Amino acid sequence: MGKYFGTDGFRGEANVNLTVEHAYKVGRFIGWYFGQNHKCKVVIGKDTRRSSYMFEYSLVAGLTASGADAYLLHVTTTPSVSYVVRTEDFDCGIMISASHNPFYDNGIKLINDRGEKMEESVIAKIEDYLDGVSGEIPFALKENIGCTVDYVAGRNRYMGYLISLAVYSFKGKRVGLDCANGSASSIAKSVFDALGAKTYVIHNEPNGTNINTNCGSTHIESLQQLVKEKDLDVGFAFDGDADRCLCVDENGNVVNGDLILYIYGCYMKERGKLLNNTVVTTVMSNFGLYKAFDAAGIDYEKTAVGDKYVYENMQANGHRIGGEQSGHIIFSKYASTGDGIITALKMMEVMLAKDKKLSELAEPVKIYPQLLKNVRVTDKAAAQNDPDVKAAVQNVADELGSDGRILVRESGTEPLVRVMVEAGTDEICEKYVNQVVDVIVSKGYEVK
């Protein structure tokens, strides 16, 4: 991670540690860097945060001032930007979103011409420019000044692509959709309606400040209630920029990313489609998932937390499916990033192909109790590397032995240290998480 860009872009509170000046300079550099030998073309999408419009205009000003043409998808999903970049003639894409963060945060996600997260080498150059290390870059003049293009047609083509991925009609299926008052509000219902589902949609009225507020994949309780009240077959909850999806089965139980990986991994294996017989997970995946994979004869790999690392592993080794417990699932045959709507479509496919309820498909996985607590800290690295904190973590690991595990890591997008314990009971998890959190707090790292 760099000074400004983390595992998922340049993220921070709008106009506090991510400002319009930052956005303008990012646009200036990208327009110049990719336009040195030809007319640069950049496609931009945004989520529904109030500040997304401000950052969009700042980025456009920087891009066009450097001679690039900016194509605007308007409110759309992160995976749609990735799709448009990789299927059309763009130098790169920009998504303005802080994903699952509160509305007052925002972020700038950069996507390369293959629809993947931007290379670290380019990010390093951008950071040097932001810090004034690399000097000034020239303004475009006269006819070389860039222009903006309304490009809602790109978003529409992406919706057509989603619809084309469905193998079966959804007619007769009752589906709940929680759009998190975010990017999915402009896409998800139209796709499911087109495929014949009877849709029940909640949290699809964004007002600029209600994105992710008590809704979506981070607050799934209202979707659980909807599924039970309306007797739905399934529910899908997206996050702010719709690159994640969590499911709710017909009984109102959450089916998280681990269960999604199991369900679709088994489905691929049964059809001879699971290349290398391997599913890629992160270190946050549950013990129970690995035990279920062992029983199903499926191999797995573990990466650092972050879809970026999952995708890098998949690309390097030729694996076809991977993801995170949070619902960030990558189907490399169909997308180069996590795509919440594709995840929902693929879960529908398995249910219809096997004629089973979602609860039946997930039933073989016995999830271990897991507790994660976030501590907002003044310095992530200092807190995690403190000798007393490290000693507390090692002590917990020794006491758990082979009956559980502890994982302490920095957030890639927020000033948080995350402490997670998996063990046989909730009480054991609570005990050991609190032991480590208490040390972090006692050493004065917590922001109060």
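The largest pocket in this predicted model holds about 1400 Å³ of space. A pocket here is an open set of points on a 1 Å grid over the protein atoms alone, where a 1.4 Å probe fits, with protein on both sides within 12 Å along at least five of seven lines. Its volume is the space filled by probe spheres set on the points, which are joined across faces, edges and corners.

**Largest pocket**
- It is lined by 47 residues, and Arg244, Ser326, Leu372, Arg409 and Arg418 sit closest to its centre; a lining residue has an atom within 4 Å of a point.
- Two or more lining residues come from each of α10 (307–317), β17 (370–376), β18 (405–410) and β19 (416–422), with β17 giving the most, four.
- Helices (H or I, at least four residues) and strands (E, at least two) are DSSP runs, numbered from the N terminus.
- Sorted by class, the lining has 16 nonpolar, 20 polar and 11 charged residues.
- Nonpolar means Ala, Val, Leu, Ile, Met, Phe, Trp, Tyr, Cys and Pro, charged means Asp, Glu, Lys and Arg, and the others, Gly among them, are polar.

**Second largest pocket**
- This one has about 490 Å³ of space.
- Of its 23 lining residues, Arg11, Gly12, Asn17, Thr413 and Pro415 are the closest to the centre.

**Ground rules**
- Residues are numbered from 1 along each chain as its sequence is written, and side-chain values use heavy atoms, leaving out hydrogens and water.
- Local features need pLDDT of at least 70 and side-chain atom pairs count only at pLDDT 80 or more, while totals for chains, interfaces and linings use all residues.
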